Number of protein chains: 2
Amino acid sequence: MATEAGKILLELFVIFAAAKLAGELFERMRQPAVIGELVAGIVLGPSVLGLVRSGPVQETMSTLGVVVLLFAVGLETRASDLFKVGKTALLVAVVGVIVPFALGFGYLSLLGQPARTALFVGAALVATSVGITARVLSDAGLISTRQARIILAAAVIDDILGLLVLAAVSGIGSSSGPDLGHLSLVLAMAAAFVGFQMVVTPRLVSRNSHLVDRLRVGNAPLVVSLAVLLGLSALAESVGLAAIVGAFLAGMAFAETGDRWSLEVQTRPIADFLVPFFFVVVGSRVDVRLLAHPAVVAPGVVLAVLAVASKVIGCGIGALGEGRLSALAVGVGMVPRGEVGLIVASVGLATGLVPGAVYAMVVLVTVVTTVLAPPLMPAVFRLAASEGSVRSKGTHPACPSLLE
Amino acid sequence: MATEAGKILLELFVIFAAAKLAGELFERMRQPAVIGELVAGIVLGPSVLGLVRSGPVQETMSTLGVVVLLFAVGLETRASDLFKVGKTALLVAVVGVIVPFALGFGYLSLLGQPARTALFVGAALVATSVGITARVLSDAGLISTRQARIILAAAVIDDILGLLVLAAVSGIGSSSGPDLGHLSLVLAMAAAFVGFQMVVTPRLVSRNSHLVDRLRVGNAPLVVSLAVLLGLSALAESVGLAAIVGAFLAGMAFAETGDRWSLEVQTRPIADFLVPFFFVVVGSRVDVRLLAHPAVVAPGVVLAVLAVASKVIGCGIGALGEGRLSALAVGVGMVPRGEVGLIVASVGLATGLVPGAVYAMVVLVTVVTTVLAPPLMPAVFRLAASEGSVRSKGTHPACPSLLE
């Protein structure tokens with residue numbers, strides 16, 4: 001009778017079981033489990049089996065999955081760790097935005113597309129989707145390396161820059177042209193949000209940790225941190241940033257007090273449960289039928305190659321001070337593009353400035369960059385390790401003060 | 001831009017934060033946190049603030065919440081523990097179905113309703129909703145008592161009987177009358193499902209636990225048990241049982257091997273995160289405006305009193321062999337009615353056999369029985385403890401064999 005719940009549970013079962021089966025299979029082939037989950041999503045998705053479709057249930061589960069993932073990554077990252085790599089990360093983010101934008105704009109202009117279309121495609125190539133990178137580095141035990149921290153810090157800055165580029169390009173789409181006042185407001189709000197969460201919130205949490213200990217509600221530290229996770233993720237979206245930036249900052253706010261409250265240990269089962277939904281849903285959005293259209297495939301593949309190369313080169317240049325192989329590792333980690341690129345392209349599609357075939361090319365870029373990075377990353381990080389100092393756990397103070 | 005995710009996260013934040021705040025408040029007033037969560041739901045729901053509405057997001061989260069809750073309860077319950085209380089539980093379930101059905105049917109007939117309507121209302125009073133009872137007993141550390149086990153076992157049998165009653169009553173609604181062949185098929189499938197999951201699945205799990213240990217996928221035991229949870233919950237719905245019966249049986253399948261894999265410890269954070277969504281959504285379905293209709297309220301309150309009394313008396317009679325106070329504890333634990341009663345009534349509403357006012361009375365019964373049981377239960381269980389043998393943890397073998 002209560003078939004609504006039954007339908008939901010069946011769909012969740014199919015997604016979860018397929019994700020973990022594929023993950024097991026890929027682990028046995030010595031590939032990251034996350035590729036298995038993405039492949040499971042492609043196979044379950046509308047373009048192959050049609051067992052997983054887009055809808056609010058999938059959206060809810062995948063949103064929860066990715067915010068829990070970035071929360072877990074944030075728990076392992078102290079703000080001070082990010083500030084240490086701040087200058088490099090800023091350079092990585094800025095050069096890593098300019099090069100893809102320029103190459104995307106240039107290539108589309110070469111193809112004979114109008115400047116406005118080319119601007120949209122350039123903008124769509126800007127934003128790194130750090131979810132996949134974070135998962136691969138986390139699974140491989142590399143999330144505390146200096147290179148990983150540069151990537152995480154750069155991804156946060158990158159998201160702010162991406163917001164700026166989107167606001168500017170959307171302004172071009174509107175009749176009145178870009179609105180500089182609105183543009184600076186958007187930027188100021190996003191920067192203020194990130195600054196506040198990096199500097200003030202962690203202190204608020206550690207100064208008030210005794211209050212949390214005094215709560216009667218069961219498992220108060222976990223409960224409070226999860227409420228902050230949901231709140232900051234929603235708030236990040238409302239200032240125009242990605243939810244995952246808020247989730248990462250929420251995790252970071254509890255990085256100092258997390259050990260005492262065993263938040264990392266408690267977040268792991270939640271992540272084991274929810275994170276696969278994100279990757280399967282991302283995979284299910286891949287339309288394999290795109291590969292049958294030669295008008296899309298050839299230029300799409302070129303654009304994808306440019307998208308990969310431009311981040312490796314751009315971010316690599318930014319990180320060159322770290323040594324060549326470390327710069328390569330950072331560059332490869334910044335390759336994946338995700339929802340943000342698709343959002344930019346779909347704004348263009350909606351305003352008629354981006355034709356359907358060009359939109360399909362951007363989708364192809366998302367797929368290629370998403371699927372390419374996971375198998376490359378562990379190898380590149382191993383190479384970088386030969387340059388020394390990949391593992392930075394040793395740079396932590398041996399006994400971090402638990403209370404300010 | 002990606003406001004879909006933003007909207008979902010904001011709604012989840014509001015539900016979670018309100019649930020935990022209200023839970024904290026009620027804990028400080030020495031009331032079960034679950035009442036706070038229900039009250040939070042009523043206040044957030046459409047009839048007061050309108051911040052939480054019904055929809056697929058809420059449905060997904062509340063379904064996940066309640067199956068995780070019953071899974072956690074199942075993890076603490078061995079099939080052998082249930083078989084030990086089997087005879088008592090069967091008696092509790094059967095008498096606890098007959099008395100509410102008879103009283104509901106009788107009262108509606110007294111009110112001058114036609115026999116068919118009265119049959120539907122009788123059927124709606126049958127099914128116990130064990131989610132709330134399980135949560136209260138679990139929070140109070142009473143879930144391993146003999147009385148709790150009788151309640152859990154009786155609730156499983158009760159669900160099968162409820163299914164039978166629903167099938168019979170729905171048949172009355174159709175033109176051809178009840179189909180005895182279909183009815184016995186439904187019953188046989190449900191009984192076969194429960195029997196298989198109680199007898200075969202736990203053995204399958206413990207005999208193959210070494211295979212699970214050999215999996216490469218991260219945290220394989222938890223992952224496998226969660227997949228079984230989702231699968232059995234979906235399967236239970238597909239044979240006409242409630243998802244929570246499947247979830248409980250899934251937990252029970254891992255009760256033997258759970259300790260070694262620390263499944264209980266790992267399920268707790270997942271439950272802390274997801275369970276509140278169930279209780280807030282249940283609360284949000286309460287329409288307080290009903291209380292303004294005297295034509296509904298007076299007979300509704302009488303029906304609610306009958307609903308409470310009939311389970312206390314019916315289940316109490318079934319459990320009388322346990323001692324008077326224990327029988328009272330079992331009876332009170334079986335009082336809450338939930339979704340199943342509402343489903344029965346809404347089938348009647350859809351076929352026109354149950355008028356709107358009578359449906360509203362059934363809704364009122366759900367509310368009253370849901371809100372009444374949590375504050376009563378701890379007190380009654382404390383009384384029963386004075387009869388001795390409430391805590392049955394001591395009856396476990398001191399060192400259970402972990403591998404068959």
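Here are some exercises on a predicted model, each with a worked solution.

**Exercise 1. Find out what chain A is built from and whether its size agrees with a compact globule.**

Step 1: Count the elements. Chain A has 17 helices and 0 strands.

Step 2: Look at the extent. The C-alpha trace of chain A spans about 65 × 60 × 45 Å along its principal axes.

Step 3: Compare with the rule for a globule. A compact globule of 404 residues would have a radius of gyration near 22 Å, and chain A, with 21 Å, agrees with that.

Step 4: Check the packing. In chain A, 60% of the 404 residues count as buried. Of the contacts in chain A with a separation of 6 or more, 80% are between residues 24 or more positions apart.

**Exercise 2. Determine how chains A and B are related.**

Step 1: Superpose them. A rotation of 180 degrees, with 0.0 Å of shift along its axis, brings chain B onto chain A with an RMSD of 0.0 Å.

Step 2: Draw the conclusion. The two copies are therefore related as by a two-fold rotation axis.

Step 3: Find the residue of chain B that comes closest to the axis. This is Ile270(B), whose C-alpha is at 2.6 Å.

Step 4: Compare the surfaces. Both copies use the same surface, since 98% of the contact residues of chain B recur in chain A.

**Exercise 3. Describe the side of chain B that touches chain A.**

Step 1: Count the residues. Chain B gives 52 residues to the contact and chain A gives 51.

Step 2: Name the elements. Those of chain B that give two or more residues include helix H1 (3–28), helix H11 (220–238) and helix H13 (263–284). H1(B) gives the largest share, 16 residues.

**Exercise 4. Decide whether helix H7 of chain B and Ser262(A) are buried or exposed.**

Step 1: Take helix H7 (residues 130–139) of chain B. Of its 10 residues, 8 are buried, so this helix is largely enclosed by the rest of the structure. Among the buried ones are Ile132(B), Arg135(B) and Leu137(B).

Step 2: Take Ser262(A), in the loop between helix H12 (243–253) and helix H13 (263–284) of chain A. Ser262(A) has 12 inside 10 Å, so Ser262(A) counts as exposed.

Step 3: Note the backbone. Ser262(A) has a positive phi of about 45 degrees, although it is not a glycine.

**Exercise 5. Which residues have the most contacts inside the largest nonpolar core?**

Step 1: Locate the core. It has 319 residues, and those with the most contacts inside it are Ala154(A) and Ala154(B).

Step 2: List some partners. Beyond its neighbours within four places in sequence, Ala154(A) is in contact with residues including Ala89(A), Val92(A) and Met334(A).

Conventions:
Residues are numbered from 1 along each chain as its sequence is written. Chains are lettered from A and ligands numbered from 1 in the order in which they are written. This is a predicted model: local features need pLDDT of at least 70, side-chain atom pairs count only at pLDDT 80 or more; totals for chains, interfaces and linings use all residues. A nonpolar core is a set of buried Ala, Val, Leu, Ile, Met, Phe, Trp, Tyr and Cys residues joined through C-beta atoms within 7 Å. A residue is buried if 20 or more other C-beta atoms lie within 10 Å of its own, exposed if 12 or fewer, and partly exposed in between; C-beta atoms are placed from the backbone. Two residues are in contact if their C-beta atoms, placed from the backbone, lie within 7 Å. Copies are superposed by least squares on the C-alpha atoms of residues with pLDDT of at least 70 in both. Helices (H or I, at least four residues) and strands (E, at least two) are DSSP runs, numbered from the N terminus. The radius of gyration is taken over C-alpha atoms; the globule rule is 2.2 Å times the number of residues to the power 0.38.
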